[in-house]
Amino acid sequence: IKIVVESTGAERGFILLSQDDQWLIEAVLESGDSEPALMQAIAVDESEQLPLEVVRFVNRTQQTVVLGDGSHSGQFYRDAYLQRHRVLSLLCAPLVYRSQTQAIIYLENNLMRDVFTAERLAVFTFLSSQMAVAIENARILHAHAMDAQQVVRFRVEELGIELVVRLDVFLGEDRATCRDPTNKWQAHLVA
């Protein structure tokens, strides 16, 4: 998000991700910050940090919204956030991968009108396509990591059961006897 904010002339940038059919603020970067602030998955609908009408429109239509004077023009000029913060320039775009919206990027600049020029939009389009692929890859890796953890847990449980059975066979005793604290073999194995 840092590169996107810097290359487009935005003052603030947000990354929104969908989880369980709800859009969440995952990261925010203010101009001048060295790193984005990672949020604790704040629901967009419960936040007052974004123009909800714009975000909902982008989510519903998968169209990019660019406003040169957000608080005075365009179909969203009545949005409470835009009026309250007197937003001058805004860019809100879906990050689409294989016809699915992976994320929504929201950028704004309250110092100048028409900040998001054609040249800056071209750079944003290139960067956003790379971001969409990266987000999809991260989701796939996360899903595989969760699957791998489940396999490891299963195998550990399976091996644990196997180990107890093999120990029982080795000792020639049943499990109840092996767990008896007076059993000399268990005392030897613990020590």
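S89 contacts L67, G68, L107, E108, N109, M112, R113, D114, V115 and F116, its neighbours within four places in sequence being left aside; contact means heavy atoms within 4.5 Å. The model is predicted, with local features needing pLDDT of at least 70, side-chain atom pairs counting only at pLDDT 80 or more, and totals for chains, interfaces and linings using all residues. Residues are numbered from 1 along each chain as its sequence is written, and side-chain values use heavy atoms, without hydrogens and water.

Q: Is S89 buried or exposed?
A: Buried denotes under 20% relative accessible area and exposed over 50%, with partly exposed in between (1.4 Å probe, protein chains only). Because its relative accessibility is 0%, S89 counts as buried.

Q: Which residue's backbone nitrogen does the side chain of S89 reach?
A: S89 lies in strand β5, residues 89-97. At 3.1 Å, its side chain reaches the backbone nitrogen of V115.

Q: Why is one side of β3 and of β4 left without a neighbour in the sheet?
A: The open sheet has 6 strands in the order β3-β2-β1-β6-β5-β4, with antiparallel pairing; strands pair if DSSP finds at least two bridges between them. One side of β3 (37-43) and of β4 (65-67) is left without a neighbour because each stands at an edge, with a single partner strand.

Key
Helices (H or I, at least four residues) and strands (E, at least two) are DSSP runs, numbered from the N terminus. A polar contact is a pair of N or O atoms within 3.5 Å; within protein, one must be able to donate a hydrogen and the other to accept it, and residues adjacent in sequence count only if both atoms are side-chain atoms.
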